[in-house]
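Here is a short note on packing in this model. Please read it with the coordinates open.

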Amino acid sequence: MLSAENPYMAMDATPLISTNSLERATSENDQGDFAKMEPKQHPVYYKEPRVVLMAEDKLFYFDKAILRRFDIFNDMYEAATAHNHDATEGSSKTNPISLQGVTAFQLESLEHVLRGRWFKPTPSVSLEQWKAILHLATMWEYKVLRDYAIAKIERFKLPPKDMIPLAASCRVEKWFKPAYIELCTQNDPLTAEDAELLGIALFAILCKIREVSTISSGGGGRVNCRSCSRCISCSAYSGNSCNCANSNTRSKNKDTVTTSVNDIPAGLLWPAVPDNKSKLPKYKRASKGKPWRTVQKIEPVQPIEELAPVDDCQDPDPQVILRVDEVLYRVETSELCQFRVLREKLDGADEKGNAVEGTSDDHPLVLDGVTPFEFESVLLLLDARWFLSDPKIDLEQWKAVLHLSTLWDFSEIRELSIRRIVALKPSPMDSILLARKCEVQQWFKPAYVSLCTRAEHLTADEGFLLGLSLFADLTRIRETNRNMSKCYRGCSNTLYCNSCGSYQNNNNNNNNQANVSVESAVDALLAASETK
């Protein structure tokens, strides 16, 4: 039960939040029952060992679940399972999966983006990094990341000479027409370098469009309208002298250019340079025998400098095995170390013989006082990547996140969960109970005011949850302010006076007075509770 003296505490004066709840049960019976339980691996959050990839002479450790989001890697692992292969490649730094034709810079860029979390600030990513990510997301077929990279690159507004080869190598067909329109409307003529970039057939088409769309020129180099022969800039006739400052420029009719570019056959949109391929090279399909695919060579986006030697590369993010009730989880240590209490618990993991807690299913790190639902709600948030859409976390899951972020001391997630819960508009009773549990002091006043000003009376069930003292105080505030309160018959435009039984207009002054009176009484109640 809750204390009658202090609305924030239970009657036994034991805080509802305590880091001691992480400790194992001390009674012999509890320990015996716990030991008899046969834990099961969680189907999602018992993560597979990290995969070791090698690009050039540098090693990278990737979450296998993340790699499976790329269709190519997912097919690769599915093929390994279908052929009953042990899939030892990638299991250690001595036996990594070698990615031929992929640069270390490309893989570093990919790892940089995949490492970012939804609840963290957006990481800084350069144009060259986005190009590298687009190459890999296209080659390894991860549509969500590919679409996100395309949207980011479009913000840089690349010139046609940079946009066209990137669109061709990464199969971004929607980039071609805007680039061709820009080439056809620019003041500078097309060059031999443009012809080499586009191929002779497409280059000839664009040259023709430029000629057709050029507005006819009169004498003296000025640009005249075809219909009336007036100068486009100063409206002088062609037979008269024209002192227009823009008389030596030629203008392109953008509508004509757009129409002509849109009429280019789909088969000619792709640049036809000799070495260009209409489709980006990707993994070879699995054949008989060894199912692992090899990547064909593509042009590197940017060389990497000062590569780390293979022998010196260590996994920067080892995994730890956790047990919550009867469920086993395997997650990255870095994820848990963001919570101060868990970081201290991991640093002080007890050793029993040669077995260290968290290193195997037989010796997991046990988290007591936590439910699987609460822990999985936190993992759902931690796994959400920043380039994905808002994770689907409901009110009950946010409550669990707030509870554990308070219990384990992670202020960043705690503040985020507080904002999200407020946006979901929980009931006043839910706000009060959760504020007690998670020490969210700013929720008490608006919840108390809401209970004191609502039309419905407080119930016995609410009184049991609130505690006798607080329940009596809130009913006293309601009664005191009932003499001039909103009509409980449901009328929205009148106030009912309990003293004389009359109705009055519900003007703003009366409302404001009632609200101020309730808020003042609630402020006094909160101030009194803090002094106890």
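1. Two strands pair if DSSP finds at least two bridges between them. Helices (H or I, at least four residues) and strands (E, at least two) are DSSP runs, numbered from the N terminus. The model is predicted: local features need pLDDT of at least 70, side-chain atom pairs count only at pLDDT 80 or more, and totals for chains, interfaces and linings use all residues. Residues are numbered from 1 along each chain as its sequence is written, and side-chain values use heavy atoms, without hydrogens or water.

2. An open sheet is built from 3 strands, ordered β3-β2-β4, with mixed pairing. Its edge strands, β3 (58-62) and β4 (97-98), each pair on one side only. β2 (residues 51-55) runs antiparallel to β3 over 5 bridges. Leu-53 sits opposite Phe-60 in β3.

3. Which residues of α5 meet α7? Lys-131, Leu-134, His-135 and Thr-138 do, against Leu-166, Ser-169 and Cys-170 in α7 (contact: heavy atoms within 4.5 Å).

4. The search finds 12 aromatic pairs in the whole structure. Rings of Phe, Tyr and Trp (its six-membered ring) pair if their centres lie within 6.5 Å; planes under 30 degrees apart are stacked, over 60 edge-to-face, the rest tilted. Phe-70 and Tyr-142 are edge-to-face, at 4.9 Å centre to centre and 70° between planes. Phe-70 lies in the α2-α3 loop and Tyr-142 in the α5-α6 loop, so the pair ties together parts 72 residues apart in sequence.

5. Phe-73 and Trp-140 are both buried (under 20% relative accessible area; exposed is over 50%, partly exposed in between; 1.4 Å probe, protein chains only).
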